[in-house]
Amino acid sequence: MKRFIFLFFVFILVKTSIASGQIPEEKLLYPDGIKDNPIIHKNSESFVDSMVNPKSLSGKNRVYSFISIPTYFLYPGSASNNKHIGVVIYPGGGLVNNWIDKEGNDLAIWLSQKGISCLVLKYRTNEKNVKGEFLIPLSTYQDAVLKDAQTAIITLKSFSDKLLFDKNKVGIVGFSAGGWISEKLVFKSTEGTYDWTPSFVGLIYHGNNIGAFQKFKKKDKLPPFFMAAARNDRKLPIKTVIPYLAAIASDVNKSELHIYSKGDHGFGMAYNNGLSVDLWKESFYRWLLDIYETKY
């Protein structure tokens, strides 16, 4: 009898562990469709498989392009240690791709296991010609992708009662181009009172707009920022981002800035043995608990 109970307990643990790493059902961000959608690609949505890090929680590393219809993945926070916080994640990809697993689902799985509910957004993408120019005018595309970003926040908030998190504790985190989306969204949120206003923002290897920030008049209306970058980032040189990120850390209450010696651009979850950048996700998680004075 004791052996049966032990084996049953092991089975439950294994089953739970496997289930925790699974990617949930992909759902339409706009169930009723998008009227006069300005983002229609001639090519069908597709993805390529990039190399998967053996430590990846999702076990995948898909890179999507030609996204005309945005979708999302919902991750309920663990009920046993619910922190009553929600996070919307915007993966990177230069606005023409979407690294949905490396910079989305992997973080959502990790955070949800720590009691934080997450929504990963597969937003509409742009595309470029052979000269590297956007085919869809940036102003048109920006309006569309910010609408996706806003709707994702509203969508996550709609699950607050079911998933037991606080609607007033829902923020965003973006990687690279996803950081660009986060940045645009959070500064726009200071223009009025919106149901999609983020309560905090994470910029992961993004930030290069010191001039605009210095001129910005509503710094007191900005939510707390968490920022992480690597000194050896070859795509976004640290000397160009430090003035901007440091200014935010200095002027925006409860903000944190983390600069790691190694990691380059696109370190994602940073599953790297021996590198300090591997700690960024834990720092982000602890920061969320700090700003809401939540017990670990």
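**Entry 1: α3 against α5.** I began with who touches whom. On the α3 side I noted Leu 138, Gln 142, Val 145, Leu 146, Ala 149, Gln 150 and Ile 153, and they meet Trp 180, Ile 181, Lys 184, Leu 185 and Lys 188 in α5. A reminder to myself: this is a predicted model.

Next I sorted that contact by class, and I got eight nonpolar, two polar and two charged residues.

Then geometry. Two packed helices are described by the angle between their axes and the distance between the axes, so I looked up both. The axes of α3 (residues 138-157) and α5 come within 10 Å and cross at roughly 80°. Angles of 65 to 115 degrees count as roughly perpendicular, so that is how α3 and α5 lie to each other.

**Entry 2: α2 against α8.** How do the axes of α2 and α8 cross? For α8 (residues 280-291) and α2, I found a crossing at roughly 50°, with the axes coming within 11 Å. That makes this pair oblique. I also jotted down that α2 passes α8 in a right-handed crossing.

Who makes the contact? From α2 I listed Leu 107, Trp 110 and Leu 111, and from α8 I listed Trp 280, Lys 281, Glu 282, Phe 284 and Tyr 285. By class, the contact of α2 with α8 has six nonpolar residues, two charged and no polar.

**Entry 3: the largest pocket.** I put its volume down as about 450 Å³. Which residues lie nearest its centre? Out of 20 lining residues, I wrote down Gly 94, Ser 176, Ala 177, Lys 235 and His 265.

Which of the helices gives the most? My note says α5, with three residues. Sorting the lining of the largest pocket by class, I have ten polar, six nonpolar and four charged residues.

**Entry 4: the second largest pocket.** I looked up its volume too, and it is about 290 Å³. I found 17 residues lining this pocket, and Met 51, Asn 53, Asn 61, Lys 102 and Phe 267 are the closest to its centre. The lining of the second largest pocket divides into seven nonpolar, seven polar and three charged residues.

Terms used:
Residues numbered from 1 in each chain as written. Predicted model: local features only at pLDDT ≥ 70, side-chain atom pairs only at ≥ 80, totals over all residues. Heavy atoms only, no water. 1 Å grid on protein atoms, 1.4 Å probe; cavity = no way out; pocket = protein on both sides within 12 Å on 5 of 7 lines; lining within 4 Å. Points joined across faces, edges and corners; volume = space filled by probe spheres on them. Helix = DSSP H or I, 4+ residues; strand = E, 2+ residues; numbered from the N terminus. Nonpolar A, V, L, I, M, F, W, Y, C, P; charged D, E, K, R; others polar. Axes fitted to C-alpha atoms, helices over the stretch in contact; angles between N-to-C directions. Parallel < 35°, antiparallel > 145°, perpendicular 65-115°, else oblique. Left-handed = near helix turned anticlockwise from the far one by under 90°. Contact = heavy atoms within 4.5 Å.
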